[in-house]
Amino acid sequence: MKTDHSGPVPEPSGYQRDRELPIHLVRPSMTVPQRIANIWRYRDLLKDLVAKEIKVKYKDSALGFIWSLLNPAMFILIYYIVFQKILKNGIPLFAIYLATGLLAWNLFQSGVLGATGSVVNNSGLVKKVSFPREILALASVGSAFIFFLFQTVVLAIFLIIFRVAPSPHFVWLVPIALLALLMFASALAVLLSGINVYLRDMQHLMEILLQAWFWATPVVYPFMELSKQLKAHGLTWLYLANPTTPVALTFQRAFYVKANPLGTNGSIVHILPSYGPMWYLAVLGTIVVLSFIFFLVSVYIFGRLEGNFAEEL
Amino acid sequence: MSTAVEVVSVSKTFRLFQEKYTSLKEKAIHLGKVPHEVFPALSDISFEVEQGVTLGLLGHNGSGKSTLLKCIAGILTPSAGEIRIRGRIAAMLELGAGFHPDLSGRANIYLNAALMGLSRKEVDARFDAIVEFSELGGFIDNQVKFYSSGMYARLGFAVAVNMDPDILLVDEVLAVGDANFQLKCLAKIREFQEEGRTIIFVSHSPDLVRAVCSTAFVLDHGRLVGQGPTAEAVALLQKFQLSGSGLNHDPSTEDHRLEAAISRDIHISSMMINGVDADRGVELAAMSQVELAVVIEDVASAAGACHVEVLFYSPAGVALIRAHTREMEMEPIIVRGTVEAVVQFSSLPLAVGSYSIQVNLYHPQSGMMIESRRWDNGIMIVGGQKGVGGLIAAEANVFVNEVSSRHFL
């Protein structure tokens, strides 16, 4: 069916030839802004891929997404028994302390780990369909974020059971901390997903590295415990240079609230640093900016690697 | 008319590894230097495709036609050069690539369309058309893993053609599915052609390319070795196949441009069907005797020779009958002045309907096509038994036999 150009209203279903069409280029190198514009154009795909991962993950399982709650709940229970009851670390409301840090960490870990294998695991798509491949890594981070939202239910339950109210001085920093964490995780995700195509060890290496990284972040033990010892060597800055540390601290400050509470053994325990909200804002802001630059670098490197994806897979 | 696809000196090299070192240990041992050969899959290809043209890409296995298509689709990035594409492109390299088996047909439509760059709103608007074309009906909410391969292919094709693409890339995907599905796909492709959309079509089947495309390019060893009307390009491809599949053949030493290679001394001047000019269309009764008299003229007034091939095409472009004098092991027809080559069919078993006839002349030694002419709807079969149709003429009688009797009280 040909559309008449002189006609008053072109039929919506009719094909109009000779109209102005956008031109796009396929060439060896695309600039970083072009790549980012392309990712933005496919933002609906990001949503669909995230929805797919969530739907597929617990498909045909009886408990469904409840599994994603049982996982951190079990973790918290075990660590609570080991550290509170057996090792007697003396931290009051240890379950809440664990839940806050773990929530942030799980988002980071599952996002980065899922993303590392994302391009390789979707090789069928990468070889047959053209779309910005960065989306695959970003979708892993996105679905980790959705599971994070599910898991906040666990934290909410603990907060209600122990009657703890979030701190009004710090709770507004949580969205900024999330932004910082997501930005950093996305940058890492894009970089690692690209490298993993050429170096399949990356997947296994990350599993080990993330374990070390987990213990380098104050989730199980209190920040003050380690920083006390690091301070003697003047290395606190190194501890804080790990982007997941300030994010975990923000979560803990906002939901665990107390910095120096009375311990279960009757003496005061130092758990969180006594920095004010502005210190957190400055640190989180720095992470956001640096992570954004890291993201641009990752996209650039990914672009360089992408050219041979279809052959390497 | 404007250019839809512009390919500017595109090259693509693949690295061929004897052994691939992808683990860290192996990379460390070989210090990142992996022994490999560089294989040029495409070398310095440039061409333009006008809007509304249906272009066929021909070539034997490994000639680079699929690589070229993947570069145009943006799946592979060329090593050098660039490709300018005007408008939305939809690539059908594999039907239903990206379908997730655990998701329903409905969810997969959204996912697949999003992969091709459609927004959610655009998919909503096309959803009903996609379901209708796929003929899935109520199965659309079933998980895709329960679909038959035909249903899978239909859904994949339905999503791709309903993307409203300005440029459609098709790679050998019509080979799947049953005859009905293939006809439906061909009909959709014809509709796209009439609407003035650009189509780039890759197929191993010269018949299919001849049926669909107006012009064709021939690729050999990553080079563009010929371009022209489909019939001539198919002839060139056949020549390459005759010369040992071109495998140990260096295209740079010989000029294979069609223009130079084809002798234009011999012409088809007209064709008579049972004494009536084919240009006017001829009506025949089913199963009747048919004589095609091809009038061949020697323009250069020097005796030439040729082989004649006659093809009958169905309305969907499927070759139904083919007769080729070389394959019938006949001597070449000597053309001195004007001759009439008569191809006689004692009874033409075509069902009621109209059919196209194509006559091709081939050079006797090289097998190259000299000329090709087609008479669309040149023959019309009328009469026949009422209620019996299809493509092949048949006579049907219906009986009812009592197999076992049952008494009704």
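In this predicted model, helix 4 of chain A is mostly covered, with 21 of its 23 residues buried. The helix runs over residues 94-116. From first to last C-alpha, helix 4 of chain A reaches 32 Å, close to the 33 Å expected at 1.5 Å a residue.

Helix 7 of chain A, formed by residues 134-161, has 28 residues. Its first and last C-alpha atoms are 41 Å apart, a span close to the 40 Å expected at 1.5 Å a residue. A kink of about 25° is also found in helix 7 of chain A, centred on Phe150(A). After this helix comes Arg163(A), which has a positive phi, near 50°.

In chain B, the domain assignment gives domain 1 as residues 3-258 and domain 2 as residues 266-382. Domain 1 of chain B contributes 12 residues to the contact, and domain 2 of chain B contributes 10 residues. On the side of domain 1 of chain B that touches domain 2 of chain B, at least two residues come from each of helix 6 (179-195), helix 7 (206-212) and helix 8 (230-242) of chain B. Helix 8 of chain B gives the most to this side, supplying 7 residues. Sorted by class, the side of domain 1 of chain B that touches domain 2 of chain B comprises 8 nonpolar, 1 polar and 3 charged residues.

Conventions. Residues numbered from 1 in each chain as written. Chains lettered and ligands numbered in written order. Predicted model: local features only at pLDDT ≥ 70, side-chain atom pairs only at ≥ 80, totals over all residues. Helix = DSSP H or I, 4+ residues; strand = E, 2+ residues; numbered from the N terminus. Expected span 1.5 Å × (residues − 1). Bend = angle between axes of the 7 residues up to and from the residue. Buried ≥ 20, exposed ≤ 12 C-beta atoms within 10 Å, placed from the backbone. Domains from an automatic or database assignment. Contact = placed C-beta atoms within 7 Å. Nonpolar A, V, L, I, M, F, W, Y, C, P; charged D, E, K, R; others polar.
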